[in-house]
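Me: I am new to reading protein structures. Can you take me through one, feature by feature?

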Amino acid sequence: MSEGGGAATPTEGRADADLGTVYLVGSGPGDPDLMTVKAARLIESADVVLHDKLPGPEILDEIPAEKREDVGKRAGGEWTPQEYTNRRLVELAREGKSVVRLKGGDPFVFGRGGEEAEHLADAGVPFEVVPGVTSAIAGPAVAGIPVTHRDHASSVSFVTGHEDPTKEESAVDWDALAATGGTIVVLMGVGKLPAYAAELRDAGLAGDTPVALVERATWPEMRVATGTLDTIVDVRDEAGIEPPAVTVIGDVAATRDRVVEFLRNDRDRGGEA
């Protein structure tokens with residue numbers, strides 16, 4: 001795709017030897033120790049790092065300010081349009097720069113990495129995907145919650161709580177999810193919690209189904225709040241749980257109660273909200 005957004009010509013669709021490379025990098029859930037060795041190496045060697053807020057402050061603080069570009073929130077609380085990020089990746093690569101597009105978790109798990117990969121390919125820009133530890137699994141895990149368990153859940157479904165607002169209707173089939181009997185993990189779903197909790201109850205999921213909210217998983221400020229499908233909205237409000245947070249719905253959420261007393265790590269995380 002050209003800079004103006006038109007379709008790529010055959011020439012534009014080929015990678016040029018003078019182009020830089022874009023690395024779509026997952027930083028993991030936020031703890032620098034959980035970032036992959038390759039991710040750390042690429043960040044150190046990159047000319048420019050375009051990042052969101054979700055990589056976490058400890059990771060972002062280690063990147064020199066002169067090579068960081070924030071494409072998450074702008075001044076005034078506005079989100080950087082995805083179209084701008086796409087254009088910027090191409091611009092920098094065409095300048096011959098090595099570019100890291102740094103995302104929280106894994107770039108291909110609700111991280112819009114797939115959209116950026118397609119845009120880079122259309123523009124003829126070489127890229128590489130560097131997977132990261134997804135918060136959909138790591139968030140519950142560090143809180144003592146396994147997303148699968150032989151006694152409780154043989155399947156797990158990952159759902160976004162923040163779909164494209166231009167969609168006419170949700171693509172999430174809450175009826176089907178309620179009928180699976182497995183674990184449901186919702187990312188970016190703090191604000192929409194009342195809506196999908198009601199959808200799941202209407203679909204027949206029991207009101208006493210355990211639910212956990214894991215806020216800022218692996219960050220120093222990590223908190224966990226637990227309840228049931230009937231109570232979790234009130235629990236969220238009373239605890240003041242805010243994004244970023246992962247919602248875990250299913251019997252596995254109750255296993256935390258059995259292990260939390262002995263759950264330790266080197267940064268003393270796992271506190272109750």
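Predicted model: local features only at pLDDT ≥ 70, side-chain atom pairs only at ≥ 80, totals over all residues.

Me: Let us start with the overview. How many helices and strands are there in the protein?

Reply: The protein has nine helices and 10 strands. Its chain counts 273 residues, and 46% of them are buried. Now look at contacts with a separation of 6 or more: residues 24 or more positions apart account for 71% of them.

Me: How do I read a sheet? In what order do the five strands of the open sheet come?

Reply: The general idea comes first. Strands of a sheet pair through backbone hydrogen bonds, either parallel or antiparallel. Here the order is β6-β7-β10-β8-β9, and the pairing is mixed.

Me: Which strands stand at the edges?

Reply: Those are β6 (156-160) and β9 (223-228). Each has a single partner strand, so one side of each has no neighbour in the sheet. On average, neighbouring strands are turned by 20° against each other, direction ignored.

Me: Show me one pairing. In what sense do β8 and β9 pair?

Reply: Strand β8, residues 210-215, pairs with β9 in the antiparallel sense. Six bridges join the two. Take Ala-212 as an example: its bridge partner in β9 is Thr-226.

Me: Which strands does α7 touch as it packs on the sheet?

Reply: Helix α7 touches β7 (183-187), β8 and β10 (245-249). The direction of α7 makes about 10° with that of β10. Helix α8, residues 232-239, packs on the sheet too and touches β8 and β9. The direction of α8 makes about 150° with that of β9.

Me: Now two helices against each other. At what angle do the axes of α3 and α4 cross?

Reply: Two packed helices are described by the angle between their axes and the distance between the axes. For α3 (residues 82-94) and α4 (residues 113-122), the axes cross at roughly 45° and come within 10 Å. That makes α3 oblique to α4. Their crossing is right-handed.

Me: Which residues of α3 and α4 meet?

Reply: From α3, the list includes Gln-82, Arg-87 and Leu-89. Among those in α4 are Glu-115, His-119 and Leu-120.

Me: What about aromatic rings? How many aromatic pairs are counted?

Reply: A pair of aromatic rings is described by the distance of the centres and the angle of the planes. The count here is one aromatic pair. The ring centres of Trp-174 and Tyr-196 are 5.4 Å apart, with the planes at 5°, so the pair is stacked. Trp-174 lies in helix α6 (residues 174-180) and Tyr-196 in helix α7 (residues 193-202), so the pair ties together parts that are 22 residues apart in sequence.

Me: Is Trp-174 buried or exposed?

Reply: Trp-174 is buried, at 9% relative accessible area. Tyr-196 is buried as well, at 3%.

Me: Last topic: the backbone. Which peptide bond is cis?

Reply: Most residues other than glycine have a negative phi, and most peptide bonds are trans. Here the bond from Pro-243 to Pro-244 is cis, with omega near 0°. Pro-244 sits in the loop between α8 and β10.

Me: What is the phi of Arg-112?

Reply: Arg-112 has a positive phi of about 65°, though it is not a glycine. Arg-112 lies in the loop between β4 (99-103) and α4. With 43% relative accessibility, Arg-112 is partly exposed. Arg-216 also has a positive phi, near 50°. Look for Arg-216 in the loop between β8 and β9. Arg-216 is partly exposed, at 22%.

Notes
Residues numbered from 1 in each chain as written. Heavy atoms only, no water. Phe/Tyr/Trp six-rings, centres within 6.5 Å; stacked < 30°, edge-to-face > 60°. Helix = DSSP H or I, 4+ residues; strand = E, 2+ residues; numbered from the N terminus. Buried < 20%, exposed > 50% of the residue type's maximum accessible area, 1.4 Å probe, protein only. Pairing = 2+ DSSP bridges. Axes fitted to C-alpha atoms, helices over the stretch in contact; angles between N-to-C directions. Contact = heavy atoms within 4.5 Å. Parallel < 35°, antiparallel > 145°, perpendicular 65-115°, else oblique. Left-handed = near helix turned anticlockwise from the far one by under 90°.
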